[in-house]
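Hello,

Here is the structure we talked about handing over. Please open it alongside these notes.

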Amino acid sequence: MQRFFITKENLKVLIASLKKDCDEFIAPKREHLDDLVFGDAKNEGGELLEYEGNSVISPRAFLLPQTEPLFEIQSVKNCGFRPIEDKKTRIFYGVRPCDIKAISLMKEFFLQGIEDTFYKQKLEHSVFISLACGKRCFAKSFCNLMDAGPVAKEGFDLQLIPLSRGYLAEAGSKKGSQIIQKNKKLFSKALPDDEKEIKALLKNFAERVKKIDFKKLANIMQEDKVSPEVWDDIGQRCVVCSGCITLCPTCSCFSIVDRLDGDKGVRLRYCDGCPYAGFTRMAGGSTPFPLHKEHIRRFFEHKLNVDLQRYGTPSCVGCGRCIQACPGNISIKKFIDTVILNG
Amino acid sequence: MKRVLTTCPYCGVGCGFYLDVRDGRIVGIIPSKSNIVSKGYLCVKGWHAHEPVEHPDRLKKPLIKENGKFKEASWGSALDYVAGRLKELKDKYGPDALSVCTSARCTNEENFLMMKFARAVLGTNNVDHCARTCHVPTVAGLNQSFGSGASTNSYDEIPFMDCILIIGSNPTEAHPIVGWRVRTAIDNGTKIIVCDPRKILPAENASVYIQHYPGSDIALINAMIQFIVSEGLHDKEFIAKRTEGFDVFWEVVKDYTPESIRDTTGVEPALIKQAAKLYATSKRSCIMYSLGMTEHTVGTDNVIAMANLSMVCGHVGKEFSGLYPMRGQNNVQGACDMGALPNVYSGYQPVTDEDVRKKFENAWAVSLPTANGLTLTDMIFKAIEGSLKCFYIIGEDQLRTDPNTHWIEKALDSLEFLVVQEIFMSETAKKADVVLPGASFAEKDGTFTCAERRFQRVRKAIEPIAGKTDGQIICELAKRLGYPMDADPEQACAEMASLTPLFRGVSFKRLEENGLQWPVYSKEHPGTPVVHLEKFIRGLGKFIPVKHKPPAETPDSEYPFILTTGRMLFHYNTGTMTRRTTNLLREHPRNFVQINPLDAQKLGVKSEEKVRVKTRRGELEVWPEVTDKIKAGVLWMPFHFSDQPTNVLTNNAFDPVCRIGEYKACAARVEKPSS
């Protein structure tokens, strides 16, 4: 893959030009104090070209919002409905490699087999520009252990890797190549020193890190060899806040509900998932997994065991958001370490 | 597309989050990591706080009842009508025939305007709100003991305590982000003491778990004090230097040996001694309590008993100590602070104090009523008696929240005029002559004050769905009654600050970053994370002897169980919002009663068969949850389900001082529906 170089000044020019090509330019912004959140910078401005850390909530929130109207119910009696379409073109700038990997995995889920038209529509109108990480975003993140950082391997349209003199740029798709092609005046060829700098960055991330044996981890879980105390402890900690499944960039579960006002209304889909007992409760009231600890186990099994078999890679991307939001101080990283250590 | 930073509208913890607004619709919640209260953590209710806001059931038009049926009306005609009736009733019966119930769900500024409306416009001190049914004993009790009726310390000290005594409070479910701090404390090695008839989650990790009977708290706490003092574990220096009245107090408490109260509490003396020793000898000890302590006929005394315990050990008036009254509603602290109480103006300034009254009279250019008004409880009594004719209720569902539903119903039916300002058609609203559609937290600017006395900003994300904020409605009525008031929240806040020494330094500008903890005595004052440092607000801390009194109704052969009630994680109060949130409703769709397996076996109660819970006031058929988490002889029910309202069972017996109802203990029996 050919790599290019772009200066910080030229990146600003590029972004100004890209903003003209889309309806929404979704970029990281600083909100109150240190809160980093993705928002539309085309109409509001305020994008951060470079930033440390990661956004509170991943860009998933734009492709699968917490609550999303799917179609308008014009009349229940007459079966009248009108689809709600989202054809806005969006450029996502500054997406971290962990979230890029997550989007790739979500794509598999939503587009393989039965296509989710609502998701697909948004995805097709999106361009993803990844911004690789110069350093670990916080002590609890572990993207480098989950094959998800600090530099994205695939799944982006364009990737920028910060260097001391600017950014290394690489296209990961046709859309990305077109951006470089269209703005080629802004790019130059990458120099051997740039490549060296990136190698040093990767080496720096890899140091003092023991790779996780995903297969071993999945096997232990599959064979139900995780010590019962580990699950018991988790069961006593989870307070079903749903923060983990709402923040997780690879959680894809949703349910639907009709919000009716008389004969009219809207069908919504909303985030749903593992922590809820009601998620798998049968109509008659019985629940296949009644215990609290089993609900979080469901979450961990999906990320670390089932998806490894399905996609060949775990779907935990090590962003650490679930750890940072858990009022029970549950840590998937600590879980992985404990299981591997005792396995 | 915008993200609007605001404060959670549910419990009293005061978490911060962004409302994620796209195309004029709120699509989600983004936690604020920079918020000093919640630090990026939220509970399941907070994560779904946007869902009820744009629910189709929202009231959108004023409704006027004609021949028993509601008819939609324009704002103009509804407000004209309400103002006309209020004036007519005031002229006919005098101002004290009218009363206002303000809302702990509304902002500080709105509560200030509402209490001003009651006092300056209607001319009555008959103004109160739902603190009457939750933490008014805290205001009354701690005020007597310490001189200030609010939390003494701040949330961020909790994870660093050596010992936390949790009594009558379930932080995990009722105040989850304080629950997170308790969890972190446990992870840090803090010793936990839980006293609760239910084995709540923190009890699983507690060093001492005391499962006492509802209504035996004073006996329990006095016994702890008795043991501490007789073992010489009390803080003699603290008692000598910072308190008064110890000797008189000791005369009363010295007979409460742990052995002597074994039958009253149902607890082994050894456990009480262990808990007492742990609390007294830990360097950093605090007490966390909630409605399990306050909602009793001895609610005020319960609070005083805890204040006594903290003073005996010197565990108050310094960092990493104190009492944490966990406030129930987003702004119940604020509604109290703003003077939405019948005896005080904002900042707890007595209405009977002539200097204070003159100050308000000068500022408001009216003459103000001189006598204390009626409490919410006494408004009900007076309505039934016939001297109270009109009730203006904002954002509260008395028919579902007050004890003994049938009695409340009778009171509401006795009124000549009932106005209810609500966001959903509540059971109380159904009884109204006029329903005015209010605005939710997402539709207004203002401030809420959380349980650690912190003022925090509330910011408007969308326009009011029915067109007006609650503050605007009140001001429009005031104007029609000949007294113009300004609904602008920032203006109201400034007026409040100028009239209230305790909050003088509060302004929207100063709250921008991370809010302010009162007292804030001046524009330069940094706020007060820990109160009573070096000196109690009242000077010396006062030991007030309190004695055990049984609940108004105790078990007998006819009604052999003690029924107690409470909040659960997935729902909030009457459930008007949480039952309109899909995930929350699905998790717990219906009412139930917790019963101990021993009792269940005796009665032949099985999980798959409904039971009838009966008290002297009413009965309900609900599903039993047979669990050893509840003490034998005790039943527990949540109160969130409007279609199976638990408060038909609870007792309308009241604390003589602060008039709170006894939700936490009444006599009940369990029957099989077939019998």
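Predicted model: local features only at pLDDT ≥ 70, side-chain atom pairs only at ≥ 80, totals over all residues.

A:Cys79 has a positive phi of about 55 degrees, although it is not a glycine. Look for A:Cys79 in the loop between β4 (67-75) and β5 (80-83) of chain A.

B:Asn67 is not a glycine, yet its phi is positive, about 50 degrees. Is B:Asn67 buried or exposed? B:Asn67 counts as exposed, because it has 5 C-beta neighbours inside 10 Å. B:Asn67 sits in the loop between β4 (63-66) and β5 (69-72) of chain B.

**Two cis peptide bonds**

Next, the backbone at two prolines. The peptide bond from A:Gly149 to A:Pro150 is cis, and its omega is near 5 degrees. A:Pro150 belongs to the loop between β7 (126-131) and β8 (158-163) of chain A.

In chain B, B:Trp518 and B:Pro519 are joined by a cis peptide bond, with omega about 0 degrees. Where is B:Pro519? B:Pro519 is in the loop between β21 (516-517) and β22 (541-542) of chain B.

Why flag these spots? Most residues other than glycine have a negative phi, and most peptide bonds are trans.

**A barrel in chain B**

Chain B also holds a closed barrel of 6 strands. The order is β23-β27-β24-β26-β25-β30, and the pairing is mixed. From one strand to the next, the twist averages 45 degrees.

One pair in detail. Strand β23 (residues 561-566) and strand β27 (residues 634-638), both of chain B, run parallel and share 5 bridges.

**Chain A as a whole**

Chain A has 13 helices and 12 strands. Its radius of gyration is 21 Å, close to the 20 Å that the globule rule gives for 343 residues, so chain A is as compact as a globular protein of that length. Along the principal axes, the C-alpha atoms of chain A fill a box of roughly 65 × 60 × 40 Å.

How much of chain A is buried? Buried residues account for 44% of its 343 residues. Contacts reach along the sequence too. Of those in chain A between residues at least 6 apart in sequence, 68% join residues at least 24 apart.

Best wishes

Key. Residues numbered from 1 in each chain as written. Chains lettered and ligands numbered in written order. Helix = DSSP H or I, 4+ residues; strand = E, 2+ residues; numbered from the N terminus. Buried ≥ 20, exposed ≤ 12 C-beta atoms within 10 Å, placed from the backbone. Pairing = 2+ DSSP bridges. Axes fitted to C-alpha atoms, helices over the stretch in contact; angles between N-to-C directions. Rg over C-alpha atoms; globule rule 2.2 N^0.38 Å. Contact = placed C-beta atoms within 7 Å.
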